[in-house]
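Subject: Structure for you to look over

Hello,

I am handing over the structure below, with notes on what turned up in it. Please read the notes with the model open.

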Amino acid sequence: MATITRLPVDGDLAEFTAGQPAIPEKMVEERRQYRTVWISDIHLGTRGCNAEMLIDFLDHVDSDTMYLVGDIIDGWRLKKKFYWPSAHNDIVWRILKRAKRGTRIVYIPGNHDEMFRQFTGLNFGGVEIRRQAVHETVDGRRLLVLHGDEFDAITLSHRWLAHLGDAAYTAMMALNRWVNLYRRAMNLPYWSLSKHAKKKVKNAVEFISNFEEIVAREAGSRGVDGVVAGHIHTADARLIDNIEYYNDGDWVEGCTALVEHFDGRMEILHWADEIAKREPEAEPDVAQAAAA
Ligand SMILES: [Mn+2]
């Protein structure tokens with residue numbers, strides 16, 4: 001496991017956020033405002049990370065509080081092969097920038113970025129590092145926020161098996177990328193391969209529903225009203241035995257976020273769909289412009 005000997009000090013971070021990202025921040029007049037945003041499983045440091053989509057999300061959405069629910073940086077993969085394009089730096093820049101502008105940011109490291117867990121309780125550049133958190137919604141519901149690998153028996157007891165699963169997943173993500181490069185060239189909207197594959201694979205479905213039930217049961221035993229997790233890359237919002245179960249999904253393929261509106265309503269945003277809704281107005285009609 002990669003080790004980090006020290007966190008960047010506030011001086012380093014101030015210098016970093018005083019600079020400019022490679023992909024300039026979009027000056028959106030009115031960003032969509034939410035009370036709370038949850039995102040996780042970004043996997044910075046891997047080719048699978050859909051950095052462009054996340055940068056677009058961060059440039060269009062703001063919130064009072066933002067939870068980073070783990071696997072933000074992929075330390076496992078970075079240790080094997082260093083991969084860090086400027087777009088990944090731009091995401092870190094945007095997150096630190098919004099902390100500076102006053103968003104409360106709570107970072108709950110996951111299993112891929114567990115090297116940050118040693119800094120639990122610390123605060124760097126306005127980002128609070130926590131092992132887990134309890135979020136109170138505007139109408140007083142209490143939601144346990146955790147990454148979710150705590151309940152993943154396979155990850156805990158058979159680490160090599162988890163890595164094998166990881167390799168298969170990496171291969172699928174590579175395929176996903178090629179499919180979408182093709183789709184983009186053909187002017188087709190983004191399409192998630194493993195989202196469709198998961199629905200077809202019985203084992204994956206069983207694993208997901210087991211995970212959801214175990215996490216909800218744990219939340220129930222702790223006396224909270226609900227739980228927000230990440231880890232399984234499957235966005236969901238449903239009631240399990242009277243416990244609100246939420247999963248904010250991922251930014252590898254699903255590109256989803258969980259949000260709390262100012263009236264306490266919860267919603268999963270599928271960012272590819274949000275971009276598709278916006279595209280007709282945003283992009284000038286090239287054919288018309290040429291004809292004019
Ligand atoms: Mn995870």
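**Val224 and its surroundings**

Apart from neighbours within four places in sequence, Val224 has contacts with Val134, Arg142, Leu143, Leu144 and Ala219; two residues are in contact if their C-beta atoms, placed from the backbone, lie within 7 Å. This is a predicted model, in which local features need pLDDT of at least 70 and side-chain atom pairs count only at pLDDT 80 or more, while totals for chains, interfaces and linings use all residues. Residues are numbered from 1 along each chain as its sequence is written.

Val224 sits in the loop between α8 (202-221) and β8 (226-229). Helices (H or I, at least four residues) and strands (E, at least two) are DSSP runs, numbered from the N terminus. Val224 has 19 other C-beta atoms within 10 Å and is therefore partly exposed; a residue is buried with 20 or more such atoms within 10 Å of its own C-beta, exposed with 12 or fewer, and partly exposed in between. Ile243 is 19 residues from Val224 in sequence, and their C-alpha atoms are 8.1 Å apart.

**Helices α2 and α4**

The axes of α2 (residues 51-60) and α4 (residues 86-100) come within 9 Å and cross at roughly 25°, so α2 is roughly parallel to α4. Axes are lines fitted to C-alpha atoms, for helices over the stretch in contact, with angles from 0 to 180 degrees between N-to-C directions. Angles under 35 degrees count as roughly parallel, over 145 as roughly antiparallel, 65 to 115 as roughly perpendicular and the rest as oblique.

From α2, Ala51, Glu52, Leu54, Ile55 and Leu58 meet Ala87, His88, Asp90, Ile91 and Arg94 of α4. By class, this contact of α2 with α4 has six nonpolar, one polar and three charged residues (nonpolar: Ala, Val, Leu, Ile, Met, Phe, Trp, Tyr, Cys and Pro; charged: Asp, Glu, Lys and Arg; polar: the others, Gly among them).

Trp84 lies in the loop between α3 (75-80) and α4. Trp84 counts as partly exposed because it has 13 C-beta neighbours inside 10 Å. Thr46 is 38 residues from Trp84 along the chain, with 7.6 Å between their C-alpha atoms.

**The whole protein**

The protein has 10 helices and 12 strands, and 36% of its 292 residues are buried. Of the contacts between residues at least 6 apart in sequence, 71% join residues at least 24 apart. Mean pLDDT (the predictor's confidence in each residue, from 0 to 100) is 85, and 81% of residues reach 70 or more. Over residues 154-161 the pLDDT is below 50, and this stretch has five contacts in the model beyond near neighbours in sequence.

Regards
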